[in-house]
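Dear colleague,

I am passing on a structure for you to look at, and below it I have set out what was found. Please read the notes with the coordinates open beside them.

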Amino acid sequence: MKENKAKLLLSKSSLEFLPRLSEYLGGAKIFIKRDDEGGRSGGGNKLRKYERIIGDAIATNCDTLIIAGHFQSNAARELVGSACQLGLKSIVVCKELIPNQNEIFLKNGNALLMNLMGAELVTINKNDDFTKAMQIVAEQITEKGGKPYIIPFGGSNLLGSLGYVDCLNEIKEQAEIETDYIFTPIGSGGTQAGLIAGVVKNNMKTTVIGVSVLHKKEVAQKIVEELANETLKFLSSENTSLGKVFIDDNYIGEGYGITTEESIETIKLLAKLEGIFLCPVYTAKAMTGLIEYVKSGKIKKDENIIFIHTGGSPLIYAYYDKLFE
Ligand SMILES: Cc1ncc(COP(=O)(O)O)c(C=O)c1O
């Protein structure tokens, strides 16, 4: 199959050692893969996924990208930015997915960035169905002579997952020591699925731990397993044995987008120790998991971990009332 890839990322993201966090936890060596850096519109993990998804949209002559999201969606902000970068149109079908939304939440962070980029938002009610709403928007575009392309949920289909096989291949090149664990936050699952497919294809021993911020473990496990298998099949991998898919759903707290006390502490810790900003919805919860794994000895002192910083830092501004001391 010919690969259609839109160029959204101009360079590899860096892999950095976190000496102060490693020392503070007194255990494993912790590295961070900076997928929050690079690319336009604020960066983040969706850019890797969109390279092939938008590449497919362009190859099929589509001119308008449609995505489902919420007012603080990283996925939507990155899509709008990618559309600007490539000269395409985009529409965000938006609904309130995170409770207790205040003025700041609706006008700062990703909402502000989308507004600056002139994003077109179609707002639907909380109980309305995203898929139906996106189809209606697509029909309206077609009626006006446009060619719509619906982005899969969270960019998590085969094309999106291949973006994280790219990430794993970069890690393989960059890492100077054996990687025992990779930690990543997971929502729709494509990031972890791609990383696992990369590990299996490259016959590596690394365990990829997905810290779920959305789905319960069983649901996430099924999604990730299916997508990782589909990706390995597409890659014609000789090794097809996924082994156990590790998902931890203990850090979700009360729900998606709702901060926990521990995740707020984690944001402050990483900022103070390393000058790294995590996001309240995804990376802070995943890093809280990593910290507990090291502190509790689940990960041994002589092991190495890579944390994928999947982005989302604009969310800090939307949650500033939970963070400012
Ligand atoms: C910052 C950040 N981290 C992680 C994720 C989850 O990635 P995935 O949907 O591939 O599981 C997202 C998805 O929106 C995200 O914005």
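Two strands are said to pair if DSSP finds at least two bridges between them, and helices (H or I, at least four residues) and strands (E, at least two) are DSSP runs numbered from the N terminus. This is a predicted model, in which local features need pLDDT of at least 70 and side-chain atom pairs count only at pLDDT 80 or more, while totals for chains, interfaces and linings use all residues. Residues are numbered from 1 along each chain as its sequence is written.

Strand β7 (residues 181-186) pairs in the parallel sense with strand β10 (residues 304-309) over three bridges, and isoleucine 182 stands opposite isoleucine 306 in β10. Helix α8 (residues 190-201) packs on the sheet and touches β7, β8 (207-212) and β10, where contact means C-beta atoms, placed from the backbone, within 7 Å; the direction of α8 makes about 155 degrees with that of β7, the axes being lines fitted to C-alpha atoms (for helices over the stretch in contact) and angles running from 0 to 180 degrees between N-to-C directions.

The open sheet itself has six strands in the order β1-β2-β10-β7-β8-β9, with mixed pairing. Its edge strands, β1 (15-17) and β9, each pair on one side only.

Most residues other than glycine have a negative phi. Asparagine 61, in the loop between α2 (46-59) and β3 (64-69), has a positive phi near 60 degrees. Serine 236, in the loop between α9 (217-234) and β9 (246-248), also has a positive phi, of about 50 degrees.

With kind regards

Key
Contact = placed C-beta atoms within 7 Å.
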